[in-house]
Amino acid sequence: FTYTVSPSDGGAVPPGAPRVVASSVNITDSYTNSSGADVLITYTITPFNSANPTCGGAPFTYVVTIRSLPVGAGSVEAAICSRQAFSINPQGNITNGVTSTFAWTATFDLGLSGPLSGTGVISGSLTNNTTGVKNAYYQITPTNGICNGVPFDGIPFTITLPVKPEPVIDTSVTPRTICSDIPTNITFLPLAGSETPDSYDISLI
């Protein structure tokens, strides 16, 4: 058989090469679709018989649906405070509109720690007891559906979440006993390696 090939999208997914010399070899074209929508690849096939190679049969069509890969873009999120709850939906980073599911892995600057992997929305809180902003890096792999057990995985992208430090006080200060009407003169010191506080919110218990 011989065949011609035409896509439904006008060129975002280039068609495979036509077969101009009749052959019984299988069609093995491979396509990459990141357009954000299904693309139909139509093969118009003309059968031949080797006994009468100049007499082609009636052409027929065969249509292959190519599903779109999700395409994501990396981002740097707004900085959050240490121990502040956060929630990040990676769907907001998908640039071609494909509704996706997500698997992610995480790495952290020294001084941060948290879950190393997960699926779907990324949420929780991170503690930064250092003296500077630290980043959490989430590498996201988006997936669009399942075909014969093989996920249509898109190209991974990274979401960076900066976490601002919090001051941590050394609570091992020795309690004091003072006389009435004598100033307390209590001095608080930061824990070694943590941010230095410049103000306090003090409550009497």
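Visitor: What should I know before I start?

Guide: The model is predicted, so to speak of local features a pLDDT of at least 70 is needed, side-chain atom pairs count only at pLDDT 80 or more, and totals for chains, interfaces and linings use all residues. Residues are numbered from 1 along each chain as its sequence is written, and side-chain values use heavy atoms, with hydrogens and water left out.

Visitor: How many helices and strands does the protein chain have?

Guide: Both are DSSP runs numbered from the N terminus: helices are H or I with at least four residues, strands are E with at least two. Here the protein chain has zero helices and 14 strands.

Visitor: How much of the protein chain is buried?

Guide: We go by relative accessible area, using a 1.4 Å probe and protein chains only: under 20% is buried, over 50% is exposed, and in between is partly exposed. Of the 205 residues in the protein chain, 26% are buried.

Visitor: Is Ala-136 buried or exposed?

Guide: Ala-136, which sits in strand E12, counts as buried because its relative accessibility is 0%.

Visitor: Which residues does Ala-136 touch?

Guide: A contact means heavy atoms within 4.5 Å. Leaving aside residues up to four places away in sequence, Ala-136 touches Thr-107, Phe-108, Leu-112, Leu-126, Ile-159, Thr-160 and Leu-161. Its C-alpha atom is 8.3 Å from that of Ser-113, a residue 23 places away along the chain.

Visitor: What about Thr-44: where is it found?

Guide: Thr-44 belongs to strand E2, residues 39-46. It counts as partly exposed because its relative accessibility is 29%. Beyond residues up to four places away in sequence, the residues it touches include Thr-2, Tyr-3 and Phe-60. Pro-59 is also touched by Thr-44, and the C-alpha atoms of these two, 15 residues apart along the chain, are separated by 6.4 Å.

Visitor: What share of contacts in the protein chain join residues at least 24 apart?

Guide: Among contacts between residues at least 6 apart in sequence, the share is 58%.

Visitor: Which polar contact joins the side chains of Thr-130 and Asn-128?

Guide: A polar contact is a pair of N or O atoms within 3.5 Å; within protein, one must be able to donate a hydrogen and the other to accept it, and residues adjacent in sequence count only if both atoms are side-chain atoms. The one between Thr-130 and Asn-128 is 2.7 Å. The side chain of Thr-130 also reaches the backbone oxygen of Gly-132, at 3.1 Å. Thr-130 lies in the loop between strand E11 (122-124) and strand E12 (134-147), and it counts as buried because its relative accessible area is 15%.

Visitor: Where is Arg-83 placed?

Guide: Arg-83 is in the loop between strand E7 (80-81) and strand E8 (86-88). Although not a glycine, Arg-83 has a positive phi of about 70°. With a relative accessible area of 56%, Arg-83 is exposed.

Visitor: What is the accessible surface of the protein chain?

Guide: Accessible areas come from the Shrake-Rupley method with a 1.4 Å probe, and for residues only the protein chains shown count as cover. The protein chain's surface comes to about 12,900 Å², of which 56% belongs to carbon and sulfur atoms.
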